[in-house]
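Work through the exercises below with the sequence and the model open. Each task is followed by a solution in steps.

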Amino acid sequence: MSAWRYRQVVLLRSDLVLLLFLAEGCGTPTASAGQSQYASAYLEQLQRDARDRLPSGALPRSMRVSLECTTVDAERRNREIIEEMQQKYNLSPETVERLSRTAQARREALGTIKLPTHFEACDLYEVLSYYTRQVRETARAIMKSTNASAPEWPLFGTLNSGRVNAQKIPVPNTEPEESIVVFDSGLFAFLNKMSRLMVKAAPVMSGNSFSVEQQAVRESVASDDDLQINFVQLLRGYLFAGTVDNVPSNTFLFDTYGQDAISTALYRVNLEFAVAHEYGHLLEESTEFMSSITVAEAFTLDPSFRRLHPESRADVLAAIIVAEAEESKGWNAAALLANIEFYFHCYELLEKARSVVLLGNETATFDPTYPSAAQRRSTLRHYMHRRWTEGKGVPEANWREATRASDEFGGVMTVLWNTAQPILYNAHQNGRRLSGIWIH
Ligand SMILES: [Zn+2]
């Protein structure tokens, strides 16, 4: 049994399709309440420096949109996108109506967004704002029965840093010390396009399900030159130019609306996980949180949690928050685990690719003090197993289905990796240099 049906995901999450496209209409930059001008000035400085390091032609699209976003006619663009989708996917009038309503609601929400700096990627920032809110509210709900309070977010924004994980950066000359959280904007664009490639690599069986059986995937990838080219372009773009905008979005269009919806849901959960991971650090760094065994148990059900590497602690807390938030919207354990682990498969792909180009082997992690993506994935799985089976009473058979689905995702990534591997080893032998964002 290797076909994994996403029907439930598709039916529940199809609204998300639009969220990728609705970019324009942000307001003027302002510091958020409770954050000093120093923090936003410092973030703006980091973003300006990052922009100046990129060749002008490689300026990320998100940044260009940000500079123009108050003048672009968002309504017209959204209408065009919906019309294009209607024609391409032959959508019913009800679906078109629903998409239009979603577009309208989001356009209104965008009008109220306050960007933290002039260089912020406004489309991404809007989605990040949505998830930072959702993540904190979910954490607060989990902690409700305890005395500990959910930490506030510091100022956050995006930066093309190549650090894959977001970072918490202290703001110089602030007393008491302030910090900002920066998410790697390149990673989100990469995850978005990888989600689409992932769905493309798996042959469609019917509208809402596709096969991830290894032989079928291998054949599908081998027979699809465009897919291989797009994958290699994507990887090379991120590694050597520091941006994946060189791969045009229209190369990622699908045959069916179902595929589109699945890939969007996949991307969104990954984005949410990245946000929740950063919030996980705020939690695990909070003495109040960590000294309260009740709170720690409310999250993890396992005292060994305290002995984990901080990265894994943040992963576990993040996965629990994402699961709490998304389960209430109808996601099942199999879909959630596979989606969250897909984040680590992408992370591992970048980790290996960077290592091959730099060193000619696949073993280096981004930071020598960090566990590898594979280690983090396996630690996380152990804790999610406990949460679902002991904590939530999910039958062992459902858990096995979840791990199988996730392993199948990993298998698809292996097939893709095998197509790019020789090119990256060649790049190493020819002395090809990585983009500066990867050298820390
Ligand atoms: Zn981290």
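## Exercise 1: the sheet

I169 has I180 of β4 as the residue opposite. This is a predicted model, in which local features need pLDDT of at least 70 and side-chain atom pairs count only at pLDDT 80 or more, while totals for chains, interfaces and linings use all residues. Residues are numbered from 1 along each chain as its sequence is written.

Task: Work out which strands pair in the sheet, and in which sense.

Solution. 

Step 1. Helices (H or I, at least four residues) and strands (E, at least two) are DSSP runs, numbered from the N terminus. Two strands pair if DSSP finds at least two bridges between them. Strands of a sheet pair through backbone hydrogen bonds, either parallel or antiparallel.

Step 2. Take strand β3 (residues 167-170): 4 bridges join it to β4, and the two run antiparallel.

Step 3. Take strand β2 (residues 155-159): it pairs with β4 in the parallel sense over 5 bridges. L155 has I180 of β4 as its bridge partner, and T158 stands opposite F183 in β4.

Step 4. Assemble the order. β2 and β3 are the edge strands, each pairing on one side only. Neighbouring strands of this sheet are turned by 35° against each other on average, direction ignored; angles between axes, which are lines fitted to C-alpha atoms (for helices over the stretch in contact), run from 0 to 180 degrees between N-to-C directions.

## Exercise 2: burial of the strands

Task: Decide how far β2 is enclosed and how far β4 is enclosed.

Solution. 

Step 1. Apply the cut-offs. A residue is buried if 20 or more other C-beta atoms lie within 10 Å of its own, exposed if 12 or fewer, and partly exposed in between, with C-beta atoms placed from the backbone.

Step 2. For strand β4 (residues 179-184), 5 of the 6 residues are buried, so the strand is largely enclosed by the rest of the structure.

Step 3. For β2, 5 of the 5 residues are buried, so this strand too is largely enclosed by the rest of the structure. In a regular strand the side chains alternate between the two faces of the sheet. In β2 both faces are covered: L155, G157 and L159 are buried on one side, F156 and T158 on the other.

Step 4. Contact here requires C-beta atoms, placed from the backbone, within 7 Å.

## Exercise 3: a helix pair

Task: Describe how α7 and α10 meet.

Solution. 

Step 1. The axes of helix α7 (residues 185-201) and helix α10 (residues 257-284) come within 8 Å and cross at roughly 145°.

Step 2. From α7 the contact uses F188, L191, N192, S195, R196, M198 and V199, and from α10 it uses Q259, I262, S263, L266, Y267, N270 and L271.

Step 3. Sort these residues: 8 are nonpolar, 5 polar and 1 charged. Here Ala, Val, Leu, Ile, Met, Phe, Trp, Tyr, Cys and Pro count as nonpolar, Asp, Glu, Lys and Arg as charged, and the others, Gly among them, as polar.

## Exercise 4: backbone exceptions

Task: Which peptide bond is cis, and where do N90 and N173 lie?

Solution. 

Step 1. Most residues other than glycine have a negative phi, and most peptide bonds are trans.

Step 2. The bond from E175 to P176 is cis, with omega near -5°. P176 lies in the loop between β3 and β4.

Step 3. N173 is also placed in the loop between β3 and β4. Its phi is near 60°, a positive value in a residue other than glycine. N173 counts as exposed, with 9 C-beta neighbours inside 10 Å.

Step 4. N90 is in the loop between α4 (74-89) and α5 (93-111). Phi of N90 is positive, near 55°, and N90 counts as exposed with 10 C-beta neighbours inside 10 Å.

Conventions:
Contact = placed C-beta atoms within 7 Å.
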